[in-house]
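Hello,

Please find the structure we spoke of below. My notes come after it.

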Amino acid sequence: MATEDSEYWRWKEYNWKDPEMDWKDAEFITAGVDVGSVSSQAVITLDSKLFAYSNMRTGSNSPDSARNAMNWALEDTGLDLEKIQYVVGTGYGRVNVPFADRAITEIACHGRGANYMYGPTVRTVLDMGGQDCKAIRTDEKGKVTAFLMNDKCAAGTGRGMEVFADLLGIHIEKVGEESFKVEKEPPAVSSTCVVFAKSEATGLLRAGWPKNKVLAAYCSAMAHRVVTLLERLGVEKEFAITGGIAKNSGVVKRIEKELGLTALDVNLDTQIAGALGGALFAEALAKKAQKQG
Amino acid sequence: MQANYGYRDGSGEYYITIDTDKCDSCGKCVEACPSKILVMVSDPFDPMSDADIPIVIEAERKKIKYTCGPCKPVDKEREEPCIKACEPRAITHSW
Amino acid sequence: MYVAGIDMGAKFVKVVILDDGEIKGKGMAPTGFDLDEAANSAFNSALENAGIQKDDLKHITSTGAGKKEVDFRNTEVTEVGAAAKGAISLFPGSRTIIEVGAEEGRALRSDENGRVLDFVINEKCAAGAGAFTEAMARALEIPVTEMGALSLKSAKETPMNAQCAVFAESEVVSLVHSKTSKEDIARAIHDAIASRISSMVRRLSIEKDVTLIGGLAKNIGFVESLKRDLNMDINVPDDPDFVGALGAALVARKKAKEG
């Protein structure tokens, strides 16, 4: 659709399930639903193993977004919501997940989810969401040992990058590769504030900078912004990035360079970390509830 | 857990750090805060724990530079009421 | 004796020409991206307005974010210094001066001679500056110049949660969707920025009289919100955006006298 093409900031939506797994063999079927400001995810786990997930845009109404994400994750699995023993809601709209048994903070869920996705050696998780940025330190079990969050300001969040994708007319999914099409790395945009960075960028464009160069300058500024956040918390290896921005190599590679650390790689959608952590907590809580009778 | 609440802006870093490993859940900091920005809740960052910890209310986290302004000591002798009230010394301010 | 003050703001360059302390000419030009051109254009229009030549000027003092970019300046003065001198000359009783420009907000306490005693600055964040109302006006799809009058029609408080201009834009859009009237939204916008400005001002001990200057002072909606939030009356000069340039010109006059 033509209208879709002009929306440079939109991510693709999709769902996935593990064809090798059968829910009928599982003792515990649990789910996590992460209703974020921009996108929502639902994850279903079978005995602590990832079984199916969905990732879609958040609509104007949190309960509907939660239901849609859950239904899409359930699609073609043969499962229905009734068979799921425990559901955890997380994210910005976590208290608005009507079928959730409990709401858990994103910080706790991202720590837990990253531990599953990247393995127990992960000590520092950077989650870059649509409207916030979280730095989390965890132990080998995925339990949070320290955290820091910025949700006051759009700098260093997905929203800031969307503003630039829109301004430059470069699709959000292409930002990474486009930002490396520069002869020499330009100095970072000097304003932290997205509004001021935008006027600075407009000035650079007028001064004849190609779009890619402006984009590179903004990616560096964003990387620098989150690195200061990470450094305040202290970075310990191994290091991983979750959330939408983790898919943006233009920011990731520049964060790695500034930190002098390589982020762990994973063959999973980095946006599902929160919902996945939620599903794993759901199982632990279901077990706890069973024990208590 | 080192729980940091606050933000960084053009003028500096404003964080209240609560070390929950030191916290004994007495709740005196909550009573001491004149602006009522602290509450005791079941640990929101560890769903498997039953311990109560103080947290900075979500809506307050974006404006502590201003809310905490009146408590900022005029000299080095005085401490902020929340810090002073905490016997295990679990609370620190970054500014 | 002619002297001039030039205020290189983030959005506009303002120039004031004085003749023995009396305003003889004014000039203004958008800052844009070529500072030299903007400075010359505002300067020439002020010269024309005063009916004098550049050579007639004894001293030129610059101020504002781009004060070092003015090649033809003799001296420069800080923004806070210029604000204090300018405001005191218009309202001698001013002891607390608030200035809100396009990209910065600041507050200062001054003595009766325009000497700065204490000040606070909010920079690097659009939420505490005129850029905030501009971005919100765009989100509301009304000209920024109409925002003030529009908000005065509202008698209702509508809370805005976002502390960031980018997030506030989305909040404005969702308020529009939830059928909140444009009048109420405009008021919410002014209340939001006024509350941030007054929090900043409160970090100083506020002493009366309070004078508000800078471009945002032209917005009557913001002025009302700020009065309400500070719970006191505020002086607002006729050309609040020229006060910095006036202050710089007063500094130039002093320098010229000192020889």
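Predicted model: local features only at pLDDT ≥ 70, side-chain atom pairs only at ≥ 80, totals over all residues.

Residues are numbered from 1 along each chain as its sequence is written, chains are lettered from A and ligands numbered from 1 in the order in which they are written, and side-chain values use heavy atoms, with hydrogens and water left out.

Chain A gives 24 residues to the contact and chain B gives 19 (contact means heavy atoms within 4.5 Å). Between them the chains bury about 2,000 Å², 56% of it on carbon and sulfur atoms; buried area is the accessible area (1.4 Å probe) that two parts lose on being put together, summed over both. In chain A, the residues that lose the most area to chain B are Phe147(A), Lys152(A) and Arg232(A), together 32% of what that side buries.

The interface holds four salt bridges (a side-chain nitrogen of Lys or Arg within 4 Å of a carboxyl oxygen of Asp or Glu). Arg232(A) forms a salt bridge with Glu13(B), at 2.9 Å from N to O.

On the side of chain A that touches chain B, β9(A) supplies the largest share, six residues. Strands here are DSSP runs (E, at least two residues), numbered from the N terminus. Two bridges join β9(A) to β1 of chain B (residues 2-9), and the strands run parallel; two strands pair if DSSP finds at least two bridges between them. Ala146(A) has Gln2(B) as its bridge partner in β1(B).

Regards

Notes:
Helix = DSSP H or I, 4+ residues; strand = E, 2+ residues; numbered from the N terminus.
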